[in-house]
Amino acid sequence: MKELESLKLRIQNIVESYESEEIGGWITGDGPVPCNILFIGEAPGKTEIEQGKPFVGMAGETFQSYLQSIGLSRDKIRITNTCFFRPIKKKLSKTGRVTISNRPPKSSETKLFKEVLDDEIALVNPKIIITLGNVPLKRLTNFDSIGECHGKLYFNEELKRNVFPMYHPSSLTYNRNDEFKTIYEEDWLKLKEALKTM
Ligand code: URA
């Protein structure tokens, strides 16, 4: 599809012109176009860059298992990111070794991809957008934090689309308690119900 190829070239151009920070590679979205269901994450990590696809690392495994739990599979959804490159930070250890880790994208970095993501959304033309975590939420809606809006369906007047905010799958790694896990699992069940209304 030539529109997807053009999106890819635009992402490549933005990445190659970005000089403010060192970054760790880039990817595009993945999945059918058009598609009724669009998930939007934060930014790729190491495994995503290695495999050239979003959500194939640790967070991706969690994501995929919950997706399956509500009867969906990757080939039925489109998934993309708010920032298309891997934001990294480097640390020098006491032994002189450099370690590279992920960091959240800055808002100036997600802004670089505003038009690209808007155009991807238009091309995918989804009936529902599921934002994963705070980064896509803040980029696409006026909510301040995922805590105030997760697990509910909203009609976003600016986008003229249904938006369903969810916690990022990696939040399960940071919040290792049963209470959070229950809330997270309930949100997936609420998404399953919301999808029935589409
Ligand atoms: N987390 C994200 O937000 N996006 C990915 O592509 C992978 C992990």
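A residue counts as exposed when its relative accessible area is over 50%. Keep that cut-off in mind as you tour this predicted model.

**Stop 1: a surface patch.** Select Leu92, in strand E4 (residues 85-92). Its relative accessibility is 63%, so Leu92 counts as exposed. With Leu92 they form a nonpolar patch on the surface, and together the three have about 300 Å² of accessible area.

**Stop 2: two helix pairs.** Show helix H1 (residues 2-17) and helix H5 (residues 114-124). Their axes come within 10 Å and cross at roughly 165°. H1 and H5 are therefore roughly antiparallel to each other. Their crossing is left-handed.

Next, show helix H3 (residues 58-69) and helix H8 (residues 178-196). Here the axes lie 10 Å apart, at an angle of about 50°. That angle makes H3 oblique to H8. H3 passes H8 in a right-handed crossing.

**Stop 3: salt bridges.** The whole structure holds 14 salt bridges. Start with Lys76 and Asp75, whose side chains meet at 3.8 Å, N to O. Asp75 is exposed, because its relative accessibility is 53%.

Stay with H8 and pick Lys196 and Glu193. Their closest N and O atoms are 3.1 Å apart in a salt bridge. Why is about one helical turn between Lys196 and Glu193? They sit three residues apart in helix H8. Lys196 is exposed at 58%, while Glu193 is partly exposed at 44%.

Salt bridges that share partners also join Lys114, Asp118 and Arg139 into one network. Zoom in on Asp118 and Lys114: their closest N and O atoms are 2.8 Å apart. These two are four residues apart in helix H5, so about one helical turn separates them.

How values were computed:
Residues are numbered from 1 along each chain as its sequence is written. This is a predicted model: local features need pLDDT of at least 70, side-chain atom pairs count only at pLDDT 80 or more; totals for chains, interfaces and linings use all residues. Side-chain values use heavy atoms; hydrogens and water are left out. Patches are made of residues with over 30% relative accessible area and no salt bridge: like charges are joined within 9 Å, nonpolar side chains (Val, Leu, Ile, Met, Phe, Trp, Tyr) within 5 Å. Accessible areas come from the Shrake-Rupley method with a 1.4 Å probe; for residues, only the protein chains shown count as cover. A salt bridge is a side-chain nitrogen of Lys or Arg within 4 Å of a carboxyl oxygen of Asp or Glu. Buried means under 20% relative accessible area, exposed over 50%, partly exposed in between (1.4 Å probe, protein chains only). Axes are lines fitted to C-alpha atoms, for helices over the stretch in contact, and angles run from 0 to 180 degrees between N-to-C directions. Angles under 35 degrees count as roughly parallel, over 145 as roughly antiparallel, 65 to 115 as roughly perpendicular and the rest as oblique. A crossing is left-handed if the near helix is turned anticlockwise from the far one by less than a right angle, and right-handed if clockwise.
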